[in-house]
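Open the model in your viewer and keep the selection panel at hand. The stops below say what to select and what is there.

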Amino acid sequence: MRHGSVGASVLLAALALALGTCGSEDTSGDTSASSGVDLIKDGEIITCTHLPYQPFQFERGGKIVGFDVDMIDLVAKKLGVKQTVVDTPFEGIKSGEDLNARKCDIAAAAMTITPERQQKIVFSAPYFDANQALLVKKGSGITSLGDLRGRALGVQSGTTGKLYAEKHAPDGVQLKDYEDLALQLSSVKSGQLPAAINDIPVLLDYVKKNPQLEVAAQFKTGEQYGFGMKKATSQKLEQTVNDVIGQAKADGTYDRIYTTWFGARPQ
């Protein structure tokens, strides 16, 4: 019995040592704990977005998917956690209110980096180049903002597309606000609205699925998207996100994700 007890003790000690070794191996990677990134919930990074904004984020088969989702999945993998996506109005995202209220750790909503927004939230390095475009029905004869005098132009609330229209649409063009992208675009499709302005990649994706529509004009604005984080407390998360973006572009992962959602490699 004593020999058996000693043997059991030795076995248990060896087992404990083995488990301890395995544990140290598991925590040696880039997890949220070891990286020092402060997340709202253990084991997950919570992402605020505004649905739908295809192909950046939208629901398909009961699951939220898209370009932005895939990019933040890379961040989650780097941190050793899973991603949880929260759908919330865009106003709360761009104002930083959702981040300040700890509703989410990061905002991924095809959000253009602007000086005004940078006063309220911390942006990652740019991860996507995007300009504005005009959506119309084929054969409409509309090829510019000037062709909309006396008519309505659909804009999405809180977006840089709306800001561009406010600055560049000539007198006589009535701007009609839409909170929801899907409703804005479907209004052009149904004929309720003669034209709408929004980001080029979103409109090109919509036109592919609705060939009765076309992108009549593109407006070069030099816009770039960034992921948003809470000011003052997000330095380590910001560095992690920037590292992930840089690595993805260097090793071809970014090109693969881009091709998945846009059908071609970035130019």
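A disulfide is a pair of cysteine sulfur atoms within 2.5 Å. This is a predicted model, and by that rule it has one disulfide.

**Stop 1: the disulfide**

Select Cys-48 and Cys-104, and show their side chains. The two sulfur atoms are 2.2 Å apart, and the pair forms a disulfide. The turn about the S-S bond is -105 degrees, which makes the link left-handed. Cys-48 is in strand β1 (residues 44-49), while Cys-104 is in the loop between α5 (97-100) and β5 (106-107), so the link ties together parts that are 56 residues apart in sequence. Is Cys-48 buried or exposed? Cys-48 counts as buried because its relative accessibility is 1%, under the 20% cut-off. Cys-104 is buried too, with a relative accessible area of 3%.

**Stop 2**

Next, select Pro-52 and Pro-55, both in the loop between β1 and β2 (58-60). Show the backbone here. The peptide bond from Leu-51 to Pro-52 is cis, with omega near -10 degrees. Gln-54 and Pro-55 are also joined by a cis peptide bond, with omega about 10 degrees.

**Stop 3: Phe-56 and the largest nonpolar core**

Move on to Phe-56. Which residues touch the most other members of the largest nonpolar core? They are Ile-45, Phe-56, Phe-67, Phe-128 and Phe-227, in a core of 48 residues. Select these five, then colour the elements around them. At least two residues of this core come from each of α3 (67-79), β7 (128-137), α8 (181-190), α9 (200-209), β11 (213-225), α10 (235-251) and α11 (253-262). Helix α3 gives the largest share, six residues.

Now show what surrounds Phe-56. Leaving aside neighbours within four places in sequence, its contacts include Phe-67, Ala-110, Phe-128, Pro-201, Tyr-225 and Phe-262. A second, separate core has 15 residues, among them Ile-142, Leu-145, Ala-169 and Ala-195.

**Stop 4: α3 against α10**

Select α3 and α10 and hide the rest. Two packed helices are described by the angle between their axes and by the distance between those axes. For α3 and α10 the angle is about 115 degrees and the axes are 10 Å apart. Their crossing is right-handed. On the α3 side, show Met-71, Leu-74, Val-75, Lys-78 and Leu-79. On the α10 side, the contact is made by Leu-237, Thr-240, Val-241, Val-244, Ile-245 and Ala-248. How many of the residues in this contact are nonpolar, polar and charged? Nine are nonpolar, one is polar and one is charged.

**Stop 5**

Bring back the whole chain and select Arg-102, which is in the loop between α5 and β5. Cys-104, from the first stop, is in that loop as well. Arg-102 is not a glycine, yet its phi is positive, near 55 degrees. With a relative accessible area of 38%, Arg-102 is partly exposed.

Last, select Ala-110, in the loop between β5 and α6 (115-118). Ala-110 also has a positive phi, about 45 degrees, although it is not a glycine. Is Ala-110 buried or exposed? Ala-110 counts as buried, at 6% relative accessibility. Show Phe-56 again here: Ala-110 is one of its contacts.

Technical notes:
Residues are numbered from 1 along each chain as its sequence is written. This is a predicted model: local features need pLDDT of at least 70, side-chain atom pairs count only at pLDDT 80 or more; totals for chains, interfaces and linings use all residues. Side-chain values use heavy atoms; hydrogens and water are left out. A nonpolar core is a set of buried Ala, Val, Leu, Ile, Met, Phe, Trp, Tyr and Cys residues joined through side-chain atoms within 4.5 Å. Buried means under 20% relative accessible area, exposed over 50%, partly exposed in between (1.4 Å probe, protein chains only). Helices (H or I, at least four residues) and strands (E, at least two) are DSSP runs, numbered from the N terminus. Contact means heavy atoms within 4.5 Å. Axes are lines fitted to C-alpha atoms, for helices over the stretch in contact, and angles run from 0 to 180 degrees between N-to-C directions. A crossing is left-handed if the near helix is turned anticlockwise from the far one by less than a right angle, and right-handed if clockwise. Ala, Val, Leu, Ile, Met, Phe, Trp, Tyr, Cys and Pro count as nonpolar, Asp, Glu, Lys and Arg as charged, and the others, Gly among them, as polar.
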